[in-house]
Amino acid sequence: MSDPQKILLQTRDLSVGYGKQILFRDLNLTVGAGNLICFMGPNGIGKSTLIRSLAGIQKPVSGEVVFPSAKQAHLHMAIVLTDRITSVNMTVAELVTFGRYPYLNWRVQLTAEDKRIIERAIAQVHIGHLVDKRLFELSDGQLQMAMIARAIAQDTPVILLDEPTAHLDLNNRVEVMKLLKNIARVTNKGILIATHELDLALQMSDVIWLAGKEGNIVSGTPEDLVLNGTFDDIFQFKGFDLRTGKVQHEAHLGRTIRLTGDGYTYLWTRNALERRGFGVTTEESGVSVMIGANNQWSVLDEGDLRTFDSVHDLISYLEKGL
């Protein structure tokens, strides 16, 4: 069972940056067991720098990163960066095996337990069919899955990932996020992801870290950060309403349609009408569109009733009446 109260990593007055350029200042953050945390902020704010500082790759300006045990960092956390792999001739199996190297003795021999952990990681990421393929033969999505399997094979309490869904198509982005969410829940690990995937982060993360304007990071439940306006304040959305998840369209046609119905068909019909410049209301109006069964649309216009079988035909008729 997830235990977000169990702290796996915390920062104490941590400041990170380069020389005199401080990107984040006096951070006091925690990563709890079983939590998927998405770290978000505008481009160039310093997300990768913080990830590297947490991992010990880059020395902080001040403050410290604290673990609950005396383990060395490489035994406490695994990291997946955006850096391209140069050894593209190795196989997927060999790449995943590197996750066990921190535990090997001077003979560099895998134990039965090491092999079991490697096999489990490959199974968790569903890449068993790829183990004999060389890295240059993989798609971006497959390579990313292999990198995640290597991090899982390292079997650390914390996993840090920098933009793991960058350059992936929608299916692969969703698959990666669902995989990481499930791993955090099932294995009670703390997983921190630096990402731009706003829609997926809102739906799947337990906690969001939002990089503020003053070198601070606001941490909270996704829904709270939406409802209290923190997202709007930081990202300054232009023409996008995060509360509804919709782009705000201008009703430039000067014509309002009364739309009645429910479910997905209502939402997508409203989206089409607003995108084309109609105003949409549930109040009395000159033209009424009623959504019926089997995705049919009826239009009542000055006593004339017409029925259409597609959104395209509905919009075409309404636009002709302008």
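Visitor: Where in the fold does the place of Gly229 lie?

Guide: Gly229 sits in the loop between α8 (222-227) and α9 (230-235), where helices (H or I, at least four residues) and strands (E, at least two) are DSSP runs, numbered from the N terminus. Because this is a predicted model, local features need pLDDT of at least 70 and side-chain atom pairs count only at pLDDT 80 or more, while totals for chains, interfaces and linings use all residues. Residues are numbered from 1 along each chain as its sequence is written, and side-chain values use heavy atoms, with hydrogens and water left out.

Visitor: Is Gly229 buried or exposed?

Guide: The general idea is a set of cut-offs on relative accessible area: buried means under 20%, exposed means over 50%, and partly exposed lies in between, with a 1.4 Å probe and protein chains only. With a relative accessible area of 15%, Gly229 is buried.

Visitor: How should I read the length of a helix, and what does α4 reach from its first C-alpha to its last?

Guide: The expected span of a helix is 1.5 Å times one less than its number of residues. Helix α4 (residues 112-124) has 13 residues and reaches 18 Å, close to the 18 Å expected. For α5, the 14 residues should span 20 Å, and the end C-alpha atoms are 20 Å apart, which agrees.

Visitor: Which residues of α4 are buried, and which are exposed on the other side?

Guide: Asp114, Ile117, Ile118, Ala121 and Ile122 are buried in α4. They cover an arc of only 135° around the axis, which puts them on the same side of α4; the arc is that of the directions from the helix axis to the C-beta atoms. On the other side of α4, Ala112 and Glu119 are exposed.

Visitor: What do the buried residues of α4 pack against?

Guide: They pack against α3 (92-97) and α5 (140-153), where contact means heavy atoms within 4.5 Å.

Visitor: At what angle do α4 and α5 pack?

Guide: Axes are lines fitted to C-alpha atoms, for helices over the stretch in contact, and angles run from 0 to 180 degrees between N-to-C directions. The axes of α4 and α5 are 8 Å apart, at an angle of about 140°. That makes α4 oblique to α5, given that angles under 35 degrees count as roughly parallel, over 145 as roughly antiparallel, 65 to 115 as roughly perpendicular and the rest as oblique. The contact is made by Ile117, Ala121 and Gln124 of α4 and by Ala149, Ile152 and Ala153 of α5.

Visitor: How do the axes of α5 and α6 cross?

Guide: They come within 10 Å and cross at roughly 10°, and α5 and α6 are therefore roughly parallel to each other. On the α5 side, the contact is made by Gly141, Met145, Ile148 and Ile152, and on the α6 side by Asn172, Glu175, Val176, Leu179, Leu180 and Ile183.

Visitor: How many of the residues of α5 are buried?

Guide: In α5, 12 of the 14 residues are buried, so the helix is largely enclosed by the rest of the structure. The buried residues of α5 pack against β6 (77-80), α3, α4, β7 (158-162) and α6.

Visitor: Which residues of helix α11 are buried?

Guide: In α11 (residues 311-320), they are Leu314, Ile315, Tyr317 and Leu318. Their arc around the axis is only 160°, which puts them on the same side of α11, whereas His312 and Lys320 are exposed on the other side. The partners of the buried residues of α11 are β13 (256-260), α10 (263-275), β15 (287-291), β16 (297-301) and β17 (304-308).
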